[in-house]
Amino acid sequence: MSDRLKGKRAFVTAAAVGIGRACAVAFAREGATVFATDIDETKLAALKGEGIAEVAKLDVRDSAAVAAMAKRAGKTDILLNAAGFVHHGTVLDCSDEDWDFSFDLNVKSMHRTICAFLPGMLENGRGAIVNISSAAGVFKAAPNRYVYGATKAAVAALTRSVATDFIAKGIRCNCICPGTIETPSMLERAAAAGPNGREMFISRQPMGRLGTAEEIASLAVYLASDESAFTTGVAHVIDGGWTL
Ligand code: NAD
C-alpha cells in the first residue's frame, strides 16, 4: 500500500468480479475506505478478506435502491461505475427489449449513481467519478457489438457532460475504455465463440495477449487520485494497441 487514496471514501458498482472487483481491491490497497456493491452477494462476500470496508447487494437498475444506498454510504469522494453487459449481435439482432436493457444497465445505471452521489461531492467541494466505457464504440467499431458500442459511446458523452457542468466545483469525471480484458464474462464470450474462442480474441491483440483487470485498476487508481487533478472529461483508452 502506498496511500495514494488515503483518507478517501470510494463507492464501486459491479464489484464482485472482473474490472469492478480489481478496482475495489486496488482502491482499498491504496488506502481508501471502499464500499463495494453488486447484485451477486455470494461473490461479493469474498471481498471482505481484501480490505474492503463494506459490501452490499445493489442492483444498479433500481433507482430507489441506488438512492437509498447512496444515503447509507454517506459522503463519497470516488465513484467507480463498472456495471455493464455485452449484447452480441448486429442491428438486426437487437430487439427493442435488448436495446432498452443494454441502455438501462450500461448507461442509465451511471445516470442513477451520479444523481445519487454528486450532491454529496458538491457539498464537499471535491469528487472523482470514473466510468467504465469501452474501446469498442468509442475508438472503434467491433463486429457484433451494435448496441454495446452505442451504450459505451453514450457513457463517454455522459462523462464529458458531467465533467463540463461541474468543472468549476471540484468534480472530475473521466471514463476508461478498455480493450479485451480477461474477466469471467469475457471468458464466457470467448467460450461461446467456439473451442478456439480465447485464441481468436488473443489473435486480434497486437501485444499477443489479453489485458488484465488489474491493469485497468491501475488507471482507475490514477483517475481516482489527486495525481490526475488536471484531467477531466477524457476517454482513456487502455487496450494493448487494439485500436492502433
Ligand atoms: P463481468 O461482466 O465479468 O462482471 C460484471 C459484474 O456486474 C458481475 O459481478 C455482475 O454480477 C454485475 N452486475 C450485472 N448486472 C448488475 C446489476 N444490475 N447491478 C449490479 N451489478 C450487476 O465484468 P467485466 O468484464 O469486468 O466488465 C466490467 C465493465 O467493464 C463493464 O461495464 C464492461 O462493459 C466493461 N468492459 C469490459 C471489457 C472486457 O473485455 N472484459 C472490455 C471493455 C469494457
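This report covers the overall build, surface, charge and aromatic pairs of a predicted model.

## Fold and dimensions

The protein chain holds 9 helices and 7 strands. Its C-alpha atoms fill a box of roughly 50 × 35 × 35 Å along the principal axes.

How does the radius of gyration of the protein chain agree with that of a compact globule? A compact globule of 244 residues would have a radius near 18 Å. The protein chain has 17 Å, so the value agrees with a compact globule.

Contacts point to links across the sequence. Take the contacts in the protein chain with a separation of 6 or more: 70% of them join residues 24 or more positions apart.

## Burial, surface and charge

Of the 244 residues, 50% count as buried. The accessible surface of the protein chain comes to about 11100 Å². Carbon and sulfur atoms account for 55% of that surface.

Charged side chains number 26 positive and 26 negative. The centres of the two sets lie 4 Å apart.

## Aromatic pairs: Phe11 and Phe35

The model has 5 aromatic pairs. One of them is Phe11 with Phe35. Their ring centres are 5.2 Å apart and their planes meet at 40°. Planes under 30 degrees apart would count as stacked and over 60 as edge-to-face, so this pair is tilted.

What does the pair tie together? Phe11 lies in strand β1 (residues 9–12). Phe35 lies in strand β2 (residues 33–38). The pair therefore ties together parts that are 24 residues apart in sequence. Phe11 is buried, with a relative accessible area of 0%. Phe35 is buried too, at 5%; the cut-off for buried is under 20%.

## Aromatic pairs: Trp99 and Phe103

Trp99 and Phe103 form another pair. Their ring centres are 4.6 Å apart, with planes at 25°. Is this pair stacked or edge-to-face? It is stacked, because its plane angle of 25° falls under 30 degrees.

Both residues lie in helix α4 (residues 96–124). They are 4 residues apart, about one turn of the helix. Trp99 is partly exposed, with a relative accessible area of 32%. Phe103 is partly exposed as well, at 21%.

## The phenylalanine cluster

Which residues do ring pairs link into a cluster? They are Phe11, Phe35 and Phe117. Two of these have been placed above: Phe11 in strand β1 and Phe35 in strand β2.

Methods:
Residues numbered from 1 in each chain as written. Predicted model: local features only at pLDDT ≥ 70, side-chain atom pairs only at ≥ 80, totals over all residues. Heavy atoms only, no water. Helix = DSSP H or I, 4+ residues; strand = E, 2+ residues; numbered from the N terminus. Rg over C-alpha atoms; globule rule 2.2 N^0.38 Å. Buried < 20%, exposed > 50% of the residue type's maximum accessible area, 1.4 Å probe, protein only. Contact = heavy atoms within 4.5 Å. Areas by Shrake-Rupley, 256 points an atom, 1.4 Å probe, with all protein chains shown as cover. Lys, Arg positive; Asp, Glu negative; His and termini not counted. Charge placed at Lys NZ, Arg CZ, Asp CG, Glu CD. Phe/Tyr/Trp six-rings, centres within 6.5 Å; stacked < 30°, edge-to-face > 60°.
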